[in-house]
Amino acid sequence: MIILKWLGAIAIAFIVGKLVSKLRLPSILGWLITGIVLGPHAFSVISEELMNMSAYQTLIHILECAVGLMIGTELVWKKIKRSGRALIVTTLTQSLGTFALVTLVFYIVFLIMGVPTYLAFIFGGIALATAPAPALSIVNEFKTNGPVTKTLIPMAALDDIVGVAVFFTTISIIARQLSGGAMPMYMIPVMIFLPLIIGAAVGIPTGFLLRKTSGKFSSLAVLILGILVTSVIGLLCNKYLMPSPVLNFMLMGMAYSAAFSNMITGEKLEEITKDFNPILAVSMIIVILNLGAPLDWHAIFNAGLFTFIYIAARAAGKYFGASIGAKISGSDENVRKYLGLTLLPHSGVSLVFTGIAVSVLSASDDGGVQIIQGTIAAAAVINEIIAVIAAKKGFEMAGEIKGHREET
């Protein structure tokens with residue numbers, strides 16, 4: 001019955017997404033709202049029991065790996081080598097700029113209100129990361145194309161890497177000061193590079209196999225087998241190697257697909273991605289449903305001053321950080337104006353980082369735990385709905401949604 005309810009939720013999300021798209025809004029907004037409404041905090045069609053099942057979590061990780069193909073198949077060296085410097089500069093300015101701005105704003109606020117100021121650095125560490133799936137689903141649905149899209153897709157991978165590095169460095173330093181112990185510092189580069197190594201290690205032999213295969217079925221079978229192998233290796237590393245399950249499966253999928261994408265012809269790659277699109281679409285719906293389900297709609301009514309400060313400071317950091325980086329690196333004018341709007345989606349990463357921060361602080365600072373949980377829970381719901389609409393608007397204003405330039 002639990003599984004049947006979940007399958008029903010997927011069907012409802014698909015229908016709601018179609019209805020939302022009729023309003024010229026991205027389908028992901030429908031999927032996200034469906035997840036919130038049918039999740040454990042509302043109608044519980046997607047129950048907490050289901051979400052805690054190891055089989056369900058394993059499936060989600062596999063699908064996250066599959067979604068990573070949206071990024072990796074665009075990371076063809078011939079395509080991105082011209083924008084390499086601009087990409088790195090803009091990624092650093094928008095991510096580190098967001099960390100600096102959110103930390104500074106909360107440091108001042110907490111100093112005035114008598115709240116421990118180290119919490120400001122945790123807020124900054126949570127804020128800098130971007131959840132790539134929402135923006136990428138808009139790219140996939142509306143077939144966006146142009147400088148903003150071409151910058152966003154590879155940036156999604158780099159942003160995750162920077163986010164993991166900064167957050168885990170920050171939380172480790174704070175935990176050491178509070179309790180004298182934390183995750184070993186050597187684990188931070190492991191968490192960054194291990195997903196990339198796993199993905200590439202499977203992607204390279206997959207590339208050789210794809211060179212030799214012909215026909216839709218055989219190529220698709222090789223592709224899916226590679227996703228499963230990548231995911232299994234990641235799951236084993238999470239279980240036996242990591243102190244807690246924190247490896248990023250979307251990064252694994254990105255590295256896996258980037259490896260084979262650079263080994264086959266452009267025509268072959270286009271054919272494979274076209275055949276894989278139906279699987280990708282289903283994977284995206286389920287991943288976004290899972291993203292929305294843990295969000296508690298009651299948090300909207302409990303949102304306080306900290307929530308709105310967090311949303312505003314993070315949005316400013318992302319938008320102006322991206323704009324400054326694009327200007328420094330001489331990027332296209334549309335990238336300077338609109339890239340920041342596509343970087344606002346956040347909730348999946350924010351909830352994972354919040355859970356880790358809470359587990360670190362729970363033994364020493366219960367008050368800090370409540371501030372972090374309350375602020376991020378409310379921000380996750382409010383920001384994600386606003387962010388999806390803003391991301392689509394960014395692509396529209398950049399003229400990268402087919403037909404929009406002519407209409408405007």
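Trainee: How big is the second largest pocket?

Mentor: The second largest pocket comes out at about 1,300 Å³. Keep in mind that this is a predicted model.

Trainee: And how many residues line that pocket, and which lie nearest its centre?

Mentor: There are 42 lining residues. Nearest the centre you'll find Thr-73, Glu-74, Lys-79, Asn-145 and Ile-153.

Trainee: Which helix gives the largest share of the lining?

Mentor: That's helix 14, with nine residues. Other helices that each put in at least two include helix 5 (69-72), helix 6 (77-80), helix 7 (84-113) and helix 10 (147-179).

Trainee: OK, switching to charges. How many salt bridges are there in the whole structure?

Mentor: The search finds four. One of them pairs Lys-318 with Asp-159, with 3.6 Å between the closest N and O atoms. That one links distant parts of the chain, since Lys-318 belongs to helix 16 (residues 305-328) and Asp-159 to helix 10, 159 residues apart.

Trainee: Are Lys-318 and Asp-159 buried or exposed?

Mentor: Both Lys-318 and Asp-159 are buried.

Trainee: What about Lys-337, which partner does its side chain meet in a salt bridge?

Mentor: Glu-333, at 2.9 Å from N to O.

Trainee: Where do Glu-396 and Lys-393 lie?

Mentor: Both are in helix 19 (residues 366-397), three residues apart, which is about one turn of the helix. Salt bridges with shared partners join Lys-392, Lys-393 and Glu-396 into one network. Within it, the side chains of Glu-396 and Lys-393 meet at 3.6 Å, N to O.

Trainee: Now rings. How many aromatic pairs does the structure hold?

Mentor: It holds 14 aromatic pairs. Among them are Tyr-107 and Phe-121, whose ring centres are 6.4 Å apart with planes at 80°, so that pair is edge-to-face.

Trainee: Where do Tyr-107 and Phe-121 sit in the chain?

Mentor: Tyr-107 is in helix 7 and Phe-121 in helix 8 (residues 118-127), 14 residues apart. Tyr-107 is partly exposed at 35% relative accessible area, and Phe-121 is partly exposed too, at 34%.

Trainee: What's the geometry of the Phe-168 and Phe-353 pair?

Mentor: Edge-to-face, with 6.0 Å centre to centre and 80° between the planes. Phe-168 lies in helix 10 and Phe-353 in helix 18 (residues 347-361), so the pair ties together parts 185 residues apart in sequence. Both Phe-168 and Phe-353 are buried.

Trainee: Last one: which residues do ring pairs link into a cluster?

Mentor: Phe-106, Phe-110, Phe-123, Phe-306 and Tyr-310 are linked that way.

Terms used:
Residues numbered from 1 in each chain as written. Predicted model: local features only at pLDDT ≥ 70, side-chain atom pairs only at ≥ 80, totals over all residues. Heavy atoms only, no water. 1 Å grid on protein atoms, 1.4 Å probe; cavity = no way out; pocket = protein on both sides within 12 Å on 5 of 7 lines; lining within 4 Å. Points joined across faces, edges and corners; volume = space filled by probe spheres on them. Helix = DSSP H or I, 4+ residues; strand = E, 2+ residues; numbered from the N terminus. Buried < 20%, exposed > 50% of the residue type's maximum accessible area, 1.4 Å probe, protein only. Phe/Tyr/Trp six-rings, centres within 6.5 Å; stacked < 30°, edge-to-face > 60°.
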